[in-house]
Amino acid sequence: MSNDPERDTKILRYHLVEHWGVHTIAAQLGIHHSTVDRVLSRAGLPKAERARQASIVDPYIPFILDTLAQYPRLTAARLYGMLQALKALLRCFLV
């Protein structure tokens, strides 16, 4: 796999037996997480995908996309102002 078969064995053992994550293994061995990813992928293990975290703008994405479709030359500053007005309006009705 790489120049250091002993390190690769530790990585595989930590991952498969101890069920450690990539970053935990990297911190334990003092190596970069991409090195751990590479060893695991060469061993035939699929790369773990991260779940997408919710963003603060997620609730406003439909509004942003619709507004930009209607006004494609709208500046980011103006769009931001429109979003602030929309948030203030929603706060009035939801309180």
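# A walk through the helices

Start by selecting helices α1 and α2: their axes cross at roughly 140° and come within 10 Å of each other. (Helices here are DSSP runs of H or I with at least four residues, strands are runs of E with at least two, and both are numbered from the N terminus; axes are lines fitted to C-alpha atoms, for helices over the stretch in contact, and angles run from 0 to 180 degrees between N-to-C directions.) That angle makes α1 oblique to α2, where angles under 35 degrees count as roughly parallel, over 145 as roughly antiparallel, 65 to 115 as roughly perpendicular and the rest as oblique.

Before you go on, a word about the model. It is predicted, so local features need pLDDT of at least 70 and side-chain atom pairs count only at pLDDT 80 or more, while totals for chains, interfaces and linings use all residues. Residues are numbered from 1 along each chain as its sequence is written, and side-chain values use heavy atoms, with hydrogens and water left out.

**Stop 1: α1 against α2.** Show the side chains of Arg7, Lys10, Ile11, Tyr14 and His15 on α1, then Ile25, Gln28 and Leu29 on α2; these make the contact (heavy atoms within 4.5 Å). By class, these residues are 4 nonpolar, 2 polar and 2 charged. Ala, Val, Leu, Ile, Met, Phe, Trp, Tyr, Cys and Pro count as nonpolar, Asp, Glu, Lys and Arg as charged, and the others, Gly among them, as polar.

**Stop 2: α1 against α3.** On α1, pick Arg7, Asp8, Ile11, Leu12 and His15; on α3, pick Thr35, Val36, Val39 and Leu40, and you have the residues in contact. This contact has 5 nonpolar, 2 polar and 2 charged residues.

**Stop 3: along α3.** Which residues of α3 are buried? Select Thr35, Val36, Asp37, Val39 and Leu40 in this helix, which covers residues 33-42. Buried means under 20% relative accessible area, exposed over 50%, and partly exposed in between (1.4 Å probe, protein chains only). The buried residues of α3 pack against α1 (5-16) and α2 (22-29). Step just past the end of α3 to find Gly44, which has a positive phi of about 90°.

**Stop 4: the salt bridges.** How many salt bridges does the structure hold? There are 3, each a side-chain nitrogen of Lys or Arg within 4 Å of a carboxyl oxygen of Asp or Glu.

- Arg7 and Asp8 meet at 3.8 Å, N to O. Arg7 is partly exposed at 21% relative accessible area, while Asp8 is buried at 4%.
- Arg13 pairs with Glu18, their closest N and O atoms being 3.4 Å apart. Both partners are partly exposed, Glu18 at 38% and Arg13 at 37%.
- Arg52 pairs with Asp58, with the closest N and O atoms 3.1 Å apart. Arg52 is exposed at 65% relative accessibility, and Asp58 is partly exposed at 24%.

**Stop 5: Thr67.** Finish by selecting Thr67, in helix α4 (residues 61-70). Is Thr67 buried or exposed? Thr67 counts as buried, with 6% relative accessibility. Leaving aside residues up to four places away in sequence, Thr67 touches Leu74, Leu79 and Met82.
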